[in-house]
Amino acid sequence: MTTTPAVRAMTPADAGPVLAIYQAGLDGGNASFEHTAPDWAAFDASRLPEHRFVAVDAAGVVLGWVAVTRVSARAVYAGVVEHSVYVDPAAQGRGVGRALLDALVTSTEAAGIWTIQSGVFPENTGSLALHHAAGFRTVGVRERVARHAGHGDRWRDVVLLERRSPNVI
């Protein structure tokens, strides 16, 4: 029987495993247009500290992470964030992504955030299924939105997903 991983706040001590999991996702070619994970200083500076979580196993090993960025500095968009969720390839299919998204939804709703959005490559069917199961809906597809350097330098589509909180109005 698989147990749900524990989720806790991300700390600077998690930098190594978080960035390694990030890089593993990038190396797979279906996680982001980026091809190199940032250093911890850049990661830390770009993500809201109160909405960063890691999932860990019973031994405390980091299995995945989730974090958000602001979509805009404009006050009217204060309740809208964009998230990223990454799971160690060896831990996929064990409820890690869902536990992380559930923690993120709880955290953002408590802070008055009404929309969480993300862009996912259509080929990343596991991520799309996870997001739909967690209450995200497909808003649309941004066709040929950018070229994916380092992965065939090909144009890629991105599925735009969002979760609108029924509790924050």
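Which residues make a nonpolar surface patch of about 250 Å²? Select Val71, Val76 and Tyr77: these make the patch. A patch consists of residues with over 30% relative accessible area and no salt bridge, where like charges are joined within 9 Å and nonpolar side chains (Val, Leu, Ile, Met, Phe, Trp, Tyr) within 5 Å. Accessible areas come from the Shrake-Rupley method with a 1.4 Å probe, and for residues only the protein chains shown count as cover.

The model is predicted: local features need pLDDT of at least 70 and side-chain atom pairs count only at pLDDT 80 or more, while totals for chains, interfaces and linings use all residues. Residues are numbered from 1 along each chain as its sequence is written, and side-chain values use heavy atoms, with hydrogens and water left out.

**Stop 1: the loop between strands 3 and 4**

Valine 71 sits in the loop between strand 3 (62–70) and strand 4 (80–87). Helices (H or I, at least four residues) and strands (E, at least two) are DSSP runs, numbered from the N terminus. Valine 71 has 34% relative accessibility and so counts as partly exposed; buried means under 20% relative accessible area, exposed over 50%, and partly exposed in between (1.4 Å probe, protein chains only).

Next select alanine 78, which lies in the loop between strand 3 and strand 4. Alanine 78 is partly exposed, at 45%.

**Stop 2**

The structure holds 6 salt bridges. A salt bridge is a side-chain nitrogen of Lys or Arg within 4 Å of a carboxyl oxygen of Asp or Glu. Select aspartate 102 and arginine 98, whose closest N and O atoms are 2.9 Å apart in a salt bridge. Both lie in helix 3, 4 residues apart, which is about one turn of the helix.

**Stop 3**

Now select glutamate 123 and arginine 156, which form a salt bridge with closest N and O atoms 3.0 Å apart. This pair links distant parts of the chain, 33 residues apart: glutamate 123 is in the loop between strand 5 (115–120) and helix 4, and arginine 156 is in strand 7 (residues 154–164). Is each end buried or partly exposed? Glutamate 123 is partly exposed, at 41%, whereas arginine 156 is buried, at 1%.

Finally, select arginine 137 and glutamate 162, whose side chains meet in a salt bridge (2.8 Å, N to O). Arginine 137 lies in strand 6 (residues 137–148) and glutamate 162 in strand 7, so the pair ties together parts 25 residues apart in sequence.
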